[in-house]
Amino acid sequence: MTDTLTALRAAFTDAGVTGRMHALDIVSGAELDLSGDESVCTASIHKLPLLVTLHERAAVGDLDLTEQIDCPPLGRPAGPTGLAAMLDVARLSLRDLAYLMMAVSDNAAADLLLDRVGLDAVNRTAARLGLSRTIATHSFGEMMASVKQDAGPGGARALADPHVVARLRALDPAWANRSTPRELTRLLAAIWRDEACTPENGDAMRRLMALQVWPHRLASGFPFDDVHVAGKTGSLPTLRGEAGVVEYPDGGQYAVAVFTRTLSTAAIVPAADAVIGTAARIAVDALRERRTRKGDAVG
């Protein structure tokens with residue numbers, strides 16, 4: 001285990017980032033931790049507990065996932081994908097909004113769902129699952145608005161200045177939506193074990209997570225046709241993360257949450273994205289090796 005942690009630290013250093021992560025063997029309960037109990041700003045990864053809350057409400061009959069929602073363009077949160085980037089009126093079901101929220105991280109779709117279930121309900125769901133440090137404090141539109149406000153009159157260009165980035169409330173776990181890598185892997189394990197919701201709703205959530213379009217972080221560490229990766233990314237200036245589950249054909253299931261911070265304020269830092277997959281692969285390989293040494297059955 002010491003060698004694995006050394007390899008993880010070296011990978012983060014080589015990528016020019018600081019890293020925090022937790023990995024969990026969902027089948028055996030074995031885990032690997034590198035600063036996994038430190039609070040992190042979740043950014044769009046907080047769409048995961050929102051997704052669980054939506055399906056929890058559906059499971060008890062409080063809402064119908066086929067319910068149609070009007071999506072007017074006025075007041076939509078900013079964002080480069082989905083409804084957030086569209087110009088015209090749309091009408092979508094709750095489950096299709098959930099698809100946009102998870103597959104392309106659509107902030108406008110997420111906030112329509114958040115309006116439907118309520119911020120307090122998201123926090124109650126986290127508390128029910130024993131995730132005491134997973135807390136939602138604001139909508140995704142409010143998160144993006146805070147970045148714009150904190151950047152000041154310089155707008156997006158000002159985010160190249162480290163002094164401006166340092167004052168962003170969205171990067172402060174005391175203010176922002178937050179969790180820990182360990183709690184996020186616990187949340188993922190609950191989804192995969194059908195402890196977060198009914199099996200029917202669990203299947204729906206796992207399906208949506210598998211439809212995420214971004215392959216450059218967690219999935220990049222597992223370039224195999226027979227290894228399945230489902231996850232949710234999160235990004236803010238200097239912050240990149242992903243929480244997801246890696247499934248092997250032998251039945252092994254591994255929940256991984258990785259967060260990185262860069263000194264560089266560049267919007268595009270390929271090494272900072274790729275090291276999320278590298279770190280996940282190092283951790284999962286170590287957990288699989290541990291299982292092999294112990295002779296544990298998989299599946």
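Strand 1 (residues 17-25) and strand 9 (residues 253-262) run antiparallel and are joined by nine bridges, strands being DSSP runs of E of at least two residues and helices DSSP runs of H or I of at least four, both numbered from the N terminus. The model is a predicted one, in which local features need pLDDT of at least 70 and side-chain atom pairs count only at pLDDT 80 or more, whereas totals for chains, interfaces and linings use all residues. Residues are numbered from 1 along each chain as its sequence is written, and side-chain values use heavy atoms, with hydrogens and water left out.

Strand 8 (residues 239-247) is joined to strand 7 by nine bridges, the two running antiparallel, and Val 229 has Val 246 of strand 8 as its bridge partner. The hairpin of strand 7 and strand 8 has two residues between the strands, and Thr 238 in this hairpin takes a positive phi near 70°. Nine bridges likewise join strand 8 to strand 9, again in antiparallel fashion, with Gly 244 placed opposite Val 256. Here the hairpin has five residues between its strands, and Gly 251 in the turn shows a positive phi of about 100°. Nine of the nine residues of strand 8 are buried, so this strand is largely enclosed by the rest of the structure; buried denotes under 20% relative accessible area, exposed over 50%, and partly exposed the range in between (1.4 Å probe, protein chains only). The burial extends to both faces of strand 8, with Leu 239, Gly 241, Ala 243, Val 245 and Glu 247 on one side and Arg 240, Glu 242, Gly 244 and Val 246 on the other.

Helix 1 (residues 2-15) comprises 14 residues and reaches 20 Å from its first C-alpha to its last, close to the 20 Å expected at 1.5 Å a residue, the expected span being 1.5 Å times one less than the number of residues. Its buried residues are Thr 4, Leu 5, Leu 8, Ala 11, Phe 12 and Ala 15. Viewed down the axis of helix 1, these buried residues fall within an arc of 120°, so they line one face of the helix, the arc being that of the directions from the helix axis to the C-beta atoms. On the other side of helix 1, Thr 2, Asp 3, Thr 13 and Asp 14 are exposed. The buried residues of helix 1 pack against strand 1, strand 2, strand 9 and helix 10 (270-294), and the helix is followed by Gly 16, whose phi is positive, near 75°.

The largest nonpolar core has 70 residues, and Leu 48 and Leu 50 have the most contacts inside it; such a core is a set of buried Ala, Val, Leu, Ile, Met, Phe, Trp, Tyr and Cys residues joined through side-chain atoms within 4.5 Å. Apart from this core lies another, of 30 residues, with Leu 8, Phe 222, Ile 276 and Val 284 among them. With neighbours within four places in sequence left aside, Leu 50 is in contact (heavy atoms within 4.5 Å) with Met 101, Ala 110, Leu 113, Leu 114, Val 117, Val 122 and Phe 140.

Helix 3 (residues 94-103) is mostly covered, seven of its 10 residues being buried. The cover of these buried residues includes helix 2, strand 4 (68-71), strand 5 (90-93), helix 4, helix 9 (199-210) and strand 7.

Two histidines lie in loops. His 46, in the loop between strand 3 (40-41) and helix 2, is buried with a relative accessible area of 3%, while His 138, in the loop between helix 5 (119-128) and helix 6, is buried with a relative accessible area of 4%. Beyond neighbours within four places in sequence, the contacts of His 138 are Leu 114, Leu 119, Met 143, Trp 175, Ala 176 and Asn 177.

Methods: Two strands pair if DSSP finds at least two bridges between them.
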